[in-house]
Structures are given as C-alpha cells and as structure tokens.
Amino acid sequence: MGIKLLKKPVLRHVIIIALFIVYELRMLFLDGTNAGAGDLAIFYAVDMLYFYCSAFWILPDPEDKQPNLLLNSLAAILWMVLVSLLVLFIRNALLRYHGEAIDSDFRVDFYKSFWRRVYLFSLALGYWYARYSIAKEREIYQIGLQVAEANEREARKESALLRSQLNPHLLYNALNHIYSLVEHKVPEAAQSVLLFSDMMSFAIGKAGENSLHTLKDELEQIRRIVKLHRTLQQDRIYINEHIDIPVHTGEIRFPPLLLVNLVENVFKHGQLDAADKAAKIDMRFIDGCLKITIENHTATRLRPEKRTGIGLENTQKRLREHYPGRFSFSAVTVHQKFIVTLTIYL
C-alpha cells in the first residue's frame, strides 16, 4: 500500500518538499535563527511557488524540439531578479508589521535573496532535467513501439505474400490439368482456361502495386480480358477495341493494373448486349501522351455489385503517386453513358 502511494506524483512532491523544509529548518535552528512559524510559512510558500513556476513556466517545455536558449536565459535572470525584490519587499513588510526597524544594507540583502533564487532555480533546473529525461525515454519507447508495430505489419504482409505465392501453385496445376483434359475435346474451353491462367499469372505476379512493369504488359492483359469475355459470352457482347501504341512505347515502365481496372469496370457495369450500345475502348499514343477513352452504356438491369466509385478513387490516387501534375482524369455519366477519359504525359 505504501509503495502504491509513493507512485502518486502529488504525494511524492509533498514528501520531498517536507524533507527539504525539515532539513533547512534544522540548519536554521542550529545557526540560532529565531523566526516565527507564520513568517517561515510565508517564505517557504514563496520559495515553493518560485520553484514550480521556474520548472514549468520559465524553463522550456521538455517536449520543445528547438527551444530559444538566449530568450530562456534572459527570462530566467529577469525572473530571479524580480522574485528577489519581491522577497525583500515581503520581508520588510513583515518587519514593519512586527514593529522592527529595517537597519540592514539593501545591497547585501538583495545579494543574499538573489543567491537564494539561484539556489532554488538550480534545484528547479535539476527537476526540469529529470522531466526532460523521462520525456525523451518515453519518446524513444514510443518510437520503439512504432518500429515494432511496423515490423510486425511487414512480417504479416510477407507472410500473406508467401501464402499467396504458395496457393497459386495448386491453382495453376489444376488449370493445367483441366486444359489437358479439354484441349482436344472442347478447344474453345481450353482456350478460355489458358486465357484465365495467363490473367491469373499476371494479376498475382503484379500484386505489388508499387512495382512497375511495361506498358506492353498492361495492354496485353487488357487484350486477354476482352478476349476471355468474348469467348465466355460466345461473341454476344458488343465492344469496339482500338489500341494503337507504337512498339518502342510499349517498353515504357508503367504501374500495373492501372488501366486494367478501368477496362474491367466496362464488363462489371456496362450494357454490352446491343450493337447500337457497343462499348468503346480507345487507347492511343500521341505526342508523348497516352490518351485513353472508355465508354459504355450503364446496365439498366439490377446487378449484385453497384458502382461505388472506390475503384476510381484508388485509380486517381495511384495516378497522383506515379504521375503528379502529369495527368488529367475525368469520369462522367451523360445520357446513361459512362465516359472515362485519361491523359498521361509519359
């Protein structure tokens, strides 16, 4: 119980102050000083007030990264001078109250009072340094916790990545087995399985969105997606695809899945079963700019997935990360037609 009480800051301060006053009173009585209890209470109250004001107000905040040492030093000296004069004023007022004459030299009294302030200020400085050390240790501890949490998150990511790399092996083996079973019996199905396998290989291999691949890889994945959907729908979907990118431009490094996500939205949300409402995917490279236009009529029938805009927000976020100030993007709906236009200055 006693140990728990000592852990309370206020109680610790009270005990230390009491011990300090007892020590000083013992020295005063040994020197033959005969002062009243009321006078001593006033002077020690002033001393303690001076100590805590110095520690918390005059000295810089322990958490201040760049304190103004010159300004703090001047403030401390002025503070000690003012309090020294205040203490002399209080002492003289008490002497007059008791009817005693003031016959001491003011300069000597001020000198004693001032060095008393210096002594107490040095104690306040020691207390301030202890607070500063504790604050630094706490800051280092918090940084250590943050580093440990970051390492733990990184370890979880690496573990998840390892699992994602292990699981596809079974998937690829299964797809290869299915492909070998249907290759000669149903060639169209075999081609769909092959396309799907290539798409999965691309998506998993480019899972780290901060990595870069070539623009040619991105466009090839888009062609696979369009071809797979046409095969699955037995060419009953209407989509006009035009990709005109020079060969040398295809080697430009490009963030993976950036354009793929825009194309996938066409198949998720578009109405593709009418020739007069055919979707449009147009990608060109003109004068150092990649110009992309994607249009599709929005489906009127209900679908389990709804357009939330989150995918487009993520696309714009990645554009800002990879091409800050070098792109323009818009996504609007005009007469039930959803139009995405994107220009990237490569």
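**Surface patch.** I began with the nonpolar surface patch, which covers about 440 Å² and is made by Val-10, Leu-11, Val-14, Ile-15 and Leu-19. For patches I used residues with over 30% relative accessible area and no salt bridge, joining like charges within 9 Å and nonpolar side chains (Val, Leu, Ile, Met, Phe, Trp, Tyr) within 5 Å. Accessible areas come from the Shrake-Rupley method with a 1.4 Å probe, and for residues only the protein chains shown count as cover. Helices (H or I, at least four residues) and strands (E, at least two) are DSSP runs, numbered from the N terminus.

**What kind of model this is.** I noted that this is a predicted model, in which local features need pLDDT of at least 70 and side-chain atom pairs count only at pLDDT 80 or more, while totals for chains, interfaces and linings use all residues. Residues are numbered from 1 along each chain as its sequence is written, and side-chain values use heavy atoms, with hydrogens and water left out. The protein chain averages a pLDDT (the predictor's confidence in each residue, from 0 to 100) of 80, and 82% of the residues score at least 70. Over residues 1–6 pLDDT stays under 50, and the model has 4 contacts beyond four places in sequence for them; contact means heavy atoms within 4.5 Å. Where pLDDT is low, the predicted coordinates should not be read in detail.

**Whole chain.** I looked up the secondary structure of the protein chain and found 9 helices and 7 strands. Of its 346 residues, 29% count as buried. Among contacts between residues at least 6 apart in sequence, 71% join residues at least 24 apart.

**Cores.** Which residues have the most contacts inside the largest nonpolar core? They are Ile-222, Leu-259 and Met-283, in a core of 37 residues. A nonpolar core is a set of buried Ala, Val, Leu, Ile, Met, Phe, Trp, Tyr and Cys residues joined through side-chain atoms within 4.5 Å. The elements that give two or more residues to this core include α6 (187–205), α7 (215–232), β2 (239–244), α8 (258–269) and β4 (279–286), and the largest share, 7 residues, comes from α8. Leaving aside residues up to four places away in sequence, Ile-222 touches Ile-243, Leu-259, Val-260, Val-263 and Met-283. Apart from this core lies another, of 16 residues, among them Phe-20, Ile-58, Leu-120 and Phe-121.

**Two loop leucines.** I then turned to Leu-272, which is found in the loop between α8 and β4 and is buried, with a relative accessible area of 8%. Not counting residues up to four places away in sequence, Leu-272 touches Arg-236, Ile-237, Tyr-238, Val-266, Phe-267 and Ala-279. The C-alpha atoms of Leu-272 and Arg-236 are separated by 8.2 Å, although the two residues are 36 residues apart along the chain. Leu-257, in the loop between β3 (253–254) and α8, is buried at 14% relative accessible area and has a positive phi of about 70° although it is not a glycine.

**Salt bridges.** How many salt bridges does the structure hold? I found 8 salt bridges, each being a side-chain nitrogen of Lys or Arg within 4 Å of a carboxyl oxygen of Asp or Glu. In one of them the side chains of Asp-47 and Arg-117 meet at 2.7 Å, N to O; this pair links distant parts of the chain, with Asp-47 in helix α3 (residues 37–58) and Arg-117 in helix α5 (residues 106–182), 70 residues apart. Both Asp-47 and Arg-117 are buried. Arg-230 forms a salt bridge with Glu-241, the closest N and O atoms being 3.8 Å apart, and because Arg-230 lies in helix α7 and Glu-241 in strand β2, the pair ties together parts that are 11 residues apart in sequence. Arg-230 counts as partly exposed at 25% relative accessibility, and Glu-241 counts as partly exposed at 30%.

Definitions and conventions. Buried < 20%, exposed > 50% of the residue type's maximum accessible area, 1.4 Å probe, protein only.
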